[in-house]
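My notes follow in the order I looked things up.

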Amino acid sequence: MVLPDLLAPGLKVVFCGTAAGTSSARRGVYYAGPGNKFWDVLHRVGLTPTRFAPEEYRELLRYGIGLTDLNKNQAGMDSRLQERHFDRDALTEKIIRYGPKVLCFNGKRAAQAYYGSAGTGQFDYGRQPAAIGSTAVFVLPSTSAAAARWWDEGYWVEAAAYIKSLTLTGRNRS
């Protein structure tokens with residue numbers, strides 16, 4: 001396993017990428033690549049009170065945030081990952097078991113890896129029509145520097161507003 005999951009029961013949100021990047025694997029922390037916007041955007045959209053360093057990723061549990069990847073056994077650029085290492089069933093089991101309110105795929109590639117080539121392969125950003133169990137699903141633009149040309153923070157703002165609304169209505173005890 002490249003990076004351990006950061007999961008607990010009753011989270012507000014779990015962010016799921018395809019796999020750890022090379023820098024993340026080397027450092028043993030999530031979203032550590034140069035130019036990755038993950039930590040900045042979490043703070044800017046109001047999901048964390050401060051900007052965390054990648055090495056502080058375990059602190060996210062205090063804010064009801066979890067992390068995982070579809071490919072737990074490889075690291076590197078999406079284009080170099082092997083499809084057979086994407087474990088869709090394991091992700092589904094984790095989401096059902098831990099019951100987060102929201103699952104956010106960090107990038108369309110992660111959503112495509114989960115839903116597989118049997119689907120259209122095309123996903124709109126934003127909230128998806130089908131949930132996984134009782135967990136709402138969002139597809140967000142990737143925070144990776146390699147995906148900068150597709151960046152639109154508006155979808156992250158939309159997801160954060162939805163996540164915060166769950167907390168405000170008392171449907172989330174995290």
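**Entry 1: strand S5**

Which residues point one way from S5, and which the other way? I kept in mind that this is a predicted model. I found Ala136, Phe138 and Leu140 pointing one way, with Val137 and Val139 pointing the other way, and all of them are buried. Five of the five residues of S5 are buried, so the strand is largely enclosed by the rest of the structure.

I then looked up the partners of S5. It pairs with S3 in the parallel sense over five bridges, and there Leu103 has Val137 as its bridge partner in S5. With S4 the pairing is antiparallel, over two bridges. On that side I noted Arg127, whose bridge partner in S5 is Phe138.

**Entry 2: the whole sheet**

Next I wrote down the strand order. The sheet is open, has five strands and runs S2-S1-S3-S5-S4, with mixed pairing. S2 (65–69) and S4 (126–127) are the edge strands; each has a single partner strand, so one side of each is left without a neighbour in the sheet. As a reminder to myself, strands of a sheet pair through backbone hydrogen bonds, either parallel or antiparallel.

S1, residues 13–17, pairs with S2 in the parallel sense over five bridges. Within that pair, Phe15 stands opposite Leu67 in S2. I also checked what helix H4 (residues 108–115) does: it packs on the sheet and touches S1, S3 (102–106) and S5 (136–140). The direction of H4 makes about 115° with that of S3.

**Entry 3: aromatic rings**

How many aromatic pairs does the count come to? I got 14 aromatic pairs. One I looked at is Tyr114 with Tyr115: the ring centres are 4.9 Å apart and the planes are at 85°, so the pair is edge-to-face. Tyr114 counts as buried because its relative accessibility is 11%, while Tyr115, at 29%, counts as partly exposed.

Trp151 and Trp156 gave me a tilted pair, 6.2 Å centre to centre with 35° between the planes. Trp156 has 1% relative accessibility and therefore counts as buried. Both tryptophans belong to one aromatic cluster, together with Phe15, Tyr30, Tyr31, Phe38, Trp39 and Tyr57.

The charged end of Lys37 sits over the ring of Trp151, 5.0 Å from its centre. The charged end of Lys108 sits over the ring of Tyr125, 4.4 Å from its centre.

**Entry 4: two tyrosines in loops**

Most residues other than glycine have a negative phi. Tyr31 is not a glycine, yet it has a positive phi of about 50°. Its place is in the loop between H1 (22–27) and H2. At 11% relative accessibility, Tyr31 counts as buried.

Tyr57 lies in the loop between H2 and S2. Is Tyr57 buried or exposed? Its relative accessibility is 2%, so it counts as buried. Leaving aside residues up to four places away in sequence, I listed its contacts as Pro4, Leu6, Gly28, Val29, Tyr30, Trp39 and Leu67. Tyr57 and Leu67 are 10 residues apart in sequence and 8.7 Å apart in space, C-alpha to C-alpha.

The largest nonpolar core has 30 residues, and Phe15, Phe38, Trp39, Leu60, Leu67 and Cys104 touch the most other members. S1, H2 (38–44), S2, S3, S5 and H5 (153–168) each supply at least two residues of this core. H5 gives the most, with five residues.

Setting aside residues up to four places away in sequence, Leu60 touches Leu6, Phe38, Trp39, Leu42, Thr48, Phe52, Ile65 and Leu67. Finally, I noted a second, separate core of 22 residues, whose members include Ala19, Phe105, Ala113 and Phe123.

Definitions and conventions:
Residues numbered from 1 in each chain as written. Predicted model: local features only at pLDDT ≥ 70, side-chain atom pairs only at ≥ 80, totals over all residues. Heavy atoms only, no water. Pairing = 2+ DSSP bridges. Helix = DSSP H or I, 4+ residues; strand = E, 2+ residues; numbered from the N terminus. Contact = heavy atoms within 4.5 Å. Axes fitted to C-alpha atoms, helices over the stretch in contact; angles between N-to-C directions. Phe/Tyr/Trp six-rings, centres within 6.5 Å; stacked < 30°, edge-to-face > 60°. Buried < 20%, exposed > 50% of the residue type's maximum accessible area, 1.4 Å probe, protein only. Lys NZ or Arg CZ within 6 Å of the ring centre and 35° of its normal. Core = buried A, V, L, I, M, F, W, Y, C linked by side-chain atoms within 4.5 Å.
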